[in-house]
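Please read it alongside the coordinates.

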Amino acid sequence: MKTRTIGTLSVSALGLGCMGMSEFYGEGDEQESLATIHEFLDAGGTLLDTADMYGPFTNERLVGRAVGGRRDDVVIATKFGNERREDGSWVGINGHPDYVRRACDASLERLGVDHIDLYYQHRVDKTVPIEETVGAMAELVQAGKVRHLGLSEASSDTIRKAHAVHPITALQTEYSLWEREPETKVFPVLEELGIGFVPYSPLGRGFLTGQIRSEEDFAADDFRRHSPRFQGENFTRNLELVDSVRELATGKQCTPGQLALAWLLAQGEHIVPIPGTKKRGRLRENLGAVDVELSREDLDLLDRLAPAGAAAGARYPNMSTIDN
């Protein structure tokens, strides 16, 4: 596995998003999920991405069990800020300093580790100055509980304010061939400040793999059933984009998913995608993306096939929690 540096943190060129192992993408299999994480680590992968809200709380416990005895091989990234109760109900976005401290301690206990390598604010709390939230996060670094700080779905203005309080190592935001907004909104400030970029949903929530052809392909409890991009006319229009990617992938002798990940990796050495999966077969396919070479002509063609704004529909049913 090749490595990259985000901020000052060295990680594998591809990370593993663990969210779907516990929630949102239909029922999971704990043993298969554990085996998937172990195979990722055996292949030289290091960056595991989780959050306290996934499950809620069960995903951190799963990751904790998976890395038992292998702590030195793993870069654990987790998040706070989307506050939920044990029964799964939502409390809201919370960036208050006292909550930051409590959330970190709880995550450390669930993960079974003495420090978190990369600790993100999952969503920006617009009722709390970012300086106060990051100030509390910086205290966790000083206490040895956290090594690096990150933000998720933060605007360029928020990133600047946060970085002035404590260096921000990484920004995590949705980015893929069907979501290119970060290129103009945050990439310039990331480059200026030396901050790494960790795209989540780099495969368009699975859509860019070409395996989803109908809304009926989703399980009843799959959250994608409620996503604007997977509904009605939007779904049909977005299939056209996927089919264009599939055609190019066939010519490159790779899968559409590998092509989509290779495109992301080609956007800069500071970019580390975290495709999520809960199955070893899909993991192996994703890892193969690091060996897909794209020429300048390939990249130019993809820019024409999937320009900014090409995807139909909003990313979420409710975009009010996104910091713009």
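Strand E5 (residues 75-80) and strand E8 (residues 116-121) are paired in the parallel sense, with four bridges between them. The model is predicted. Both strands belong to an open sheet of seven strands, whose order is E3-E4-E5-E8-E9-E10-E11 and whose pairing is parallel.

- Helix H3 (residues 97-111) lies across E5, E8 and strand E9 (146-152). The direction of H3 is at about 140 degrees to E8.

- The partner of E11 is strand E10 (residues 170-174), and the two run parallel, joined by five bridges.
- One of the bridge pairs places Gln172 with Val198 in E11.
- Is E11 mostly covered or mostly exposed? E11 is mostly covered, as five of its five residues are buried.
- The side chains divide between two directions: Gly196, Val198 and Tyr200 point one way from E11, while Phe197 and Pro199 point the other way. Residues of both groups are buried.

- Val128 is located in the loop between E8 and helix H4 (130-142).
- The relative accessible area of Val128 is 7%, which is under the 20% limit, so Val128 counts as buried.
- Beyond its neighbours within four places in sequence, Val128 is in contact with Gly95, His96 and Thr133.
- Asn94 and Val128 are 34 residues apart along the chain, and their C-alpha atoms are separated by 8.3 Å.

**Helices H8 and H11**

- Two packed helices are described by the angle between their axes and the distance between the axes.
- For helix H8 (residues 232-252) and helix H11 (residues 296-305), the axes come within 10 Å and cross at roughly 165 degrees. Because that angle is over 145 degrees, H8 is roughly antiparallel to H11.
- The crossing of H8 and H11 is right-handed.
- Which residues of H8 and H11 meet? From H8 they are Leu241, Ser244, Leu248 and Lys252, and from H11 they are Asp298, Leu301, Leu302 and Leu305.
- By class, this contact of H8 with H11 comprises five nonpolar, one polar and two charged residues.

Conventions
Residues numbered from 1 in each chain as written. Predicted model: local features only at pLDDT ≥ 70, side-chain atom pairs only at ≥ 80, totals over all residues. Heavy atoms only, no water. Axes fitted to C-alpha atoms, helices over the stretch in contact; angles between N-to-C directions. Parallel < 35°, antiparallel > 145°, perpendicular 65-115°, else oblique. Left-handed = near helix turned anticlockwise from the far one by under 90°. Contact = heavy atoms within 4.5 Å. Nonpolar A, V, L, I, M, F, W, Y, C, P; charged D, E, K, R; others polar. Pairing = 2+ DSSP bridges. Buried < 20%, exposed > 50% of the residue type's maximum accessible area, 1.4 Å probe, protein only.
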